Amino acid sequence: MTDVSNNSPAISLREISLELGGRVILEDFSLDIPAGKVTAVMGPSGAGKTTVMRLITGQLKPDKGEVWIDDVRVDQLKSRELNQMRRQIGVLLQNGALFTDLTCFDNVALPLREHTDLPESLIRRLVLLKLQTVGLRGAADMYPRELSGGMNRRIATARAMAMDPSIMLYDEPFAGLDPISLGVSLRLIRDINHTLYTTSVVITHDVDQVAKLADFCCIISDRRVVATGHPDELGKSSHELVQQFLQGIPDGPVPFHYPAPELAEDLLESEHPR
Amino acid sequence: MNHDSNQGVRFLAPVRDLGRAGVFLFTAITHMRLTRLQLAETLRQVYFAGARSLVIIVTGGFFVGLVLSLQTYDTLTRFGAGDAVSTVLALSLFRELGPVLTTLLFAGRAGTSITAEIGLMRATEQLDALDLMAIDPMERIVQPRFIACLIAVPALVLIFNVTAIAGGLVFAVFMMGSDPILFWGNMQSTVELWRDFGHGMVKACAFGFLAAWLAVYFGWTARPTSEGVALATTQTVIATSISVLILDFVLSAFML
């Protein structure tokens, strides 16, 4: 495992073990996410990437281990303190999760109206500025159903940063985007990171985009972190799984076939059912 | 042994579900918080659940009134008591048919829509998004819909009763030629405000509570798949219909 980070971590997951529905998802999992950088959390489907995000936001509590954001231990926070902490975190969910009965403007204004006593005129200005950042000020009065998937995610990004969070989490921000939308998303994540000085965590399995975007990345597989470092350094890793993942080799440590009995055994069984 | 334990699990499952629904209701009630935003959202939901159910309630009420007076008029005239049609109409509507039929229609129109909406919100991560924005989904989604149903059902029962009596009036007076003064006079002299009308409205409030609780509960606990949401809406209609009919009997037995 390579670690090139010298920064003090903004988020730290220490020796986490977590079991969900009788299946071990993470075991003895440790990861430090540097402050102010764009960190990519990668891994094959089902490796537990989204679980890591849910641990950071406090939606899941580990069976064992600790989750820290700066000097706050997230897994021990009570409901009210957790809500207070979540105001510092902006999350872009995989499909945007916009409220379909609200306009784009109202979607972005929602956290401001809920958590602040700002006058409506100021909220309007703040929302328009956020929408301007994502390039969709002109769509303020439209409903999410009138926009494309990529635009929905941009509106959701504006909503996630409405409260000027210190941490931004992006869950699969590139899935299903056309090349133009992809370029827009990459630029947005970079710009938000630079202008708001946020710590950004991008959950993805898109190796090509990570190389353009991330300052630091980690690969999760087999319930733990198997490699960390700068995207360029990961390419030099001799770890078999890292190479399979980065090069997209269909069979290897992550097998092509789901575990099953021998084919002949299965075929014969269909002739002589149990 | 195995058979016995399976029977035990089968018996325990509804008890466990009832317990969960009870805990859900307790959480929803204890999380109530009335802010300006909550009030605005509640009013919006009153419109969606209540005002948009008016077509089915008014149409249903009018035809129930028509058919009820048609059947009772036919029977009563055989005994020379055709003028008592308004009394039978009003008593059966206020005491039983109004609250029961309105709630059944409401469960089919608005209850299912609330269940499907909350279920789809879970499936599309909207509830997760609220949670992550430090906004309590119980407060923001469940509470306004719950209160809206509590307001809408009694109001719709009143409207159903009025339109059903209008239906009865059309049949008895305009089609059968009954005396309108006798129609209204008999109704006024036999219907008691509290015993007949008041008890009916108590039932309406109780049924509204039940319909609200079940609609939001099944939506909240729906599996986040298309099959899960479909199942939840079906459960809402079945559970509301059965429990309203049972509760109607229990309340009637206590109130008589």
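Trainee: Why is the radius of gyration of chain A said to agree with that of a compact globule?

Mentor: For 274 residues a compact globule would have a radius of gyration near 19 Å, and chain A has 21 Å, which agrees; the radius is taken over C-alpha atoms, and the globule rule is 2.2 Å times the number of residues to the power 0.38. Along its principal axes, the C-alpha trace of chain A spans about 70 × 45 × 40 Å. This is a predicted model, in which local features need pLDDT of at least 70 and side-chain atom pairs count only at pLDDT 80 or more, while totals for chains, interfaces and linings use all residues. Residues are numbered from 1 along each chain as its sequence is written, and chains are lettered from A and ligands numbered from 1 in the order in which they are written.

Trainee: What share of chain A counts as buried?

Mentor: Of its 274 residues, 41% do, a residue being buried if 20 or more other C-beta atoms, placed from the backbone, lie within 10 Å of its own.

Trainee: What makes β2 and β5 of chain A edge strands?

Mentor: The open sheet has four strands in the order β2-β1-β4-β5, with antiparallel pairing, where two strands pair if DSSP finds at least two bridges between them. Strands β2 (23–34) and β5 (72–73) of chain A each have a single partner strand, so one side of each lacks a neighbour in the sheet. Helix α1 (residues 49–56) of chain A packs on the sheet, touching β1, β2 and β4 of chain A, and its direction makes about 115 degrees with that of β1(A); the angle, on a scale from 0 to 180 degrees, is between N-to-C directions of lines fitted to C-alpha atoms.

Trainee: How do you know that β1 and β4 of chain A pair?

Mentor: Five bridges join β1 (residues 9–20) to β4 (residues 64–69) of chain A, against a requirement of at least two; in β4(A), E66(A) is the bridge partner of R14(A).

Trainee: Why does the length of helix α9 of chain B agree with expectation?

Mentor: At 1.5 Å a residue, the 30 residues of α9 (residues 226–255) of chain B should span 44 Å, and the end C-alpha atoms are 43 Å apart, which agrees; the expected span is 1.5 Å times one less than the number of residues. Among the buried residues of α9(B) are V229(B), A232(B) and T236(B), and the buried residues pack against α4 (85–123) and α8 (193–220) of chain B.

Trainee: Which helix of chain B gives the most to the side that touches chain A?

Mentor: The contact takes eleven residues from chain B and 14 residues from chain A, two residues being in contact if their C-beta atoms lie within 7 Å. Helix α5 (residues 126–132) of chain B gives the most to the side of chain B, with five residues.

How values were computed. Helix = DSSP H or I, 4+ residues; strand = E, 2+ residues; numbered from the N terminus. Buried ≥ 20, exposed ≤ 12 C-beta atoms within 10 Å, placed from the backbone.
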